[in-house]
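Biologist: I would like to learn how to read strands and aromatic rings in a model. Could we take the features one at a time?

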Amino acid sequence: MKNSSFLFLTYTGITSLLLSPYCFIKTDAFVPVIQRYYFKAQLRDACQIKDKTKIDDIVEELSKLNPTSDIRSQFSKLDGEWKLDFTTALTTEVPDEQKSGVITYQTVDTDKGIIYNVIDRGLPEKGAKIAVGIEPTRSGRVALDFRTIEAFNDKFPKRILLKFPPRDLVKVVYKIGKILSGKEYDELEFKEANHFDLLYLDDDLRIQRNSEGNLFVNSRR
């Protein structure tokens with residue numbers, strides 16, 4: 001027991017020292033690794049109790065330590081399944097898993113350029129899948145293109161598929177709107193009408209803020 005307490009105190013002391021601005025053994029490679037580990041552990045705890053103020057503070061620190069410098073050249077790091085740990089989005093948009101029992105996660109395939117937002121109420125019988133096209137447009141930004149909503153039910157109708165208007169049609173309408181308002185069409189602006197800014201991404205943690213200002217914290221499933 002004494003040894004365990006000693007190890008804990010030693011770890012805590014070393015971590016505090018490395019995070020201190022007065023640390024004299026800092027290196028560009030070593031210290032960020034320790035800092036990420038420390039803040040990620042703090043973030044997991046804060047997400048469990050949904051402490052938004054603490055989460056915001058930790059996210060700010062982690063964003064300074066983001067190991068993904070340019071998502072355009074590291075796009076495949078998004079691949080895989082990601083569960084939702086915390087969001088500031090309304091529960092009417094993203095169900096609260098702790099209160100509702102509804103599981104929310106994402107499946108990302110960068111080769112196909114698509115994200116599936118999955119709301120699992122008992123899939124394959126009940127739930128929904130929202131298909132969203134993705135394209136990296138800046139070093140820290142991914143543009144979104146909503147494509148389909150697929151809803152499943154254990155009663156009739158068992159499956160409903162809703163399609164968003166074709167992208168080319170949306171672009172034409174957007175261009176016409178620009179012309180009528182006397183403004184010049186901007187392709188990047190059009191693409192980024194819906195997007196998320198990647199604040200942090202490593203092998204098991206992803207933090208982003210969407211174009212509506214909502215924060216999302218995801219971890220690997």
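Modeller: Start with strands: two of them pair if DSSP finds at least two bridges between them. The model here is predicted. In it, Thr 87 stands opposite Phe 216 in β9. Strand β9 covers residues 215-220, and β1 pairs with β9 in the antiparallel sense over 5 bridges.

Biologist: Over how many bridges do β1 and β2 pair, and in what sense?

Modeller: Strand β1 (residues 80-87) and strand β2 (residues 103-109) share 4 bridges, in the antiparallel sense. Within this pairing, Lys 83 has Tyr 105 in β2 as its bridge partner.

Biologist: Which residue lies over the face of Tyr 105?

Modeller: A charge counts as sitting over a ring if, for Arg, CZ is within 6 Å of the ring centre and within 35 degrees of the ring normal. Arg 221 lies over the face of Tyr 105, 3.8 Å from the ring centre. Trp 82 has Arg 206 over its face, at 5.2 Å from the ring centre.

Biologist: Now the rings themselves. How many aromatic pairs does the structure hold?

Modeller: A pair of aromatic rings is described by two values, the distance of the centres and the angle of the planes. The structure holds 5 aromatic pairs. One of them joins Phe 146 and Phe 164, with centres 5.9 Å apart and planes at 45°.

Biologist: Why is the pair of Phe 146 and Phe 164 called tilted?

Modeller: Planes under 30 degrees apart count as stacked and over 60 as edge-to-face, so the 45° between these two rings makes the pair tilted. The pair links distant parts of the chain, 18 residues apart. Phe 146 is in strand β5 (residues 141-152), while Phe 164 is in the loop between β6 (159-163) and α5 (167-180).

Biologist: What are the relative accessible areas of Phe 146 and Phe 164?

Modeller: Phe 146 has 31% and is partly exposed. Phe 164, at 34%, is partly exposed too.

Biologist: What kind of pair do Tyr 174 and Tyr 185 form?

Modeller: Tyr 174 and Tyr 185 form an edge-to-face pair, 6.0 Å centre to centre with 75° between the planes. Because Tyr 174 lies in helix α5 and Tyr 185 in the loop between α5 and α6 (187-191), the pair ties together parts 11 residues apart in sequence. Tyr 174 is partly exposed at 24% relative accessible area, and Tyr 185 is partly exposed at 23%.

Biologist: Which residues form one aromatic cluster with Phe 190?

Modeller: Tyr 174 and Tyr 185 form one aromatic cluster with Phe 190.

Technical notes. Residues numbered from 1 in each chain as written. Predicted model: local features only at pLDDT ≥ 70, side-chain atom pairs only at ≥ 80, totals over all residues. Heavy atoms only, no water. Phe/Tyr/Trp six-rings, centres within 6.5 Å; stacked < 30°, edge-to-face > 60°. Helix = DSSP H or I, 4+ residues; strand = E, 2+ residues; numbered from the N terminus. Buried < 20%, exposed > 50% of the residue type's maximum accessible area, 1.4 Å probe, protein only.
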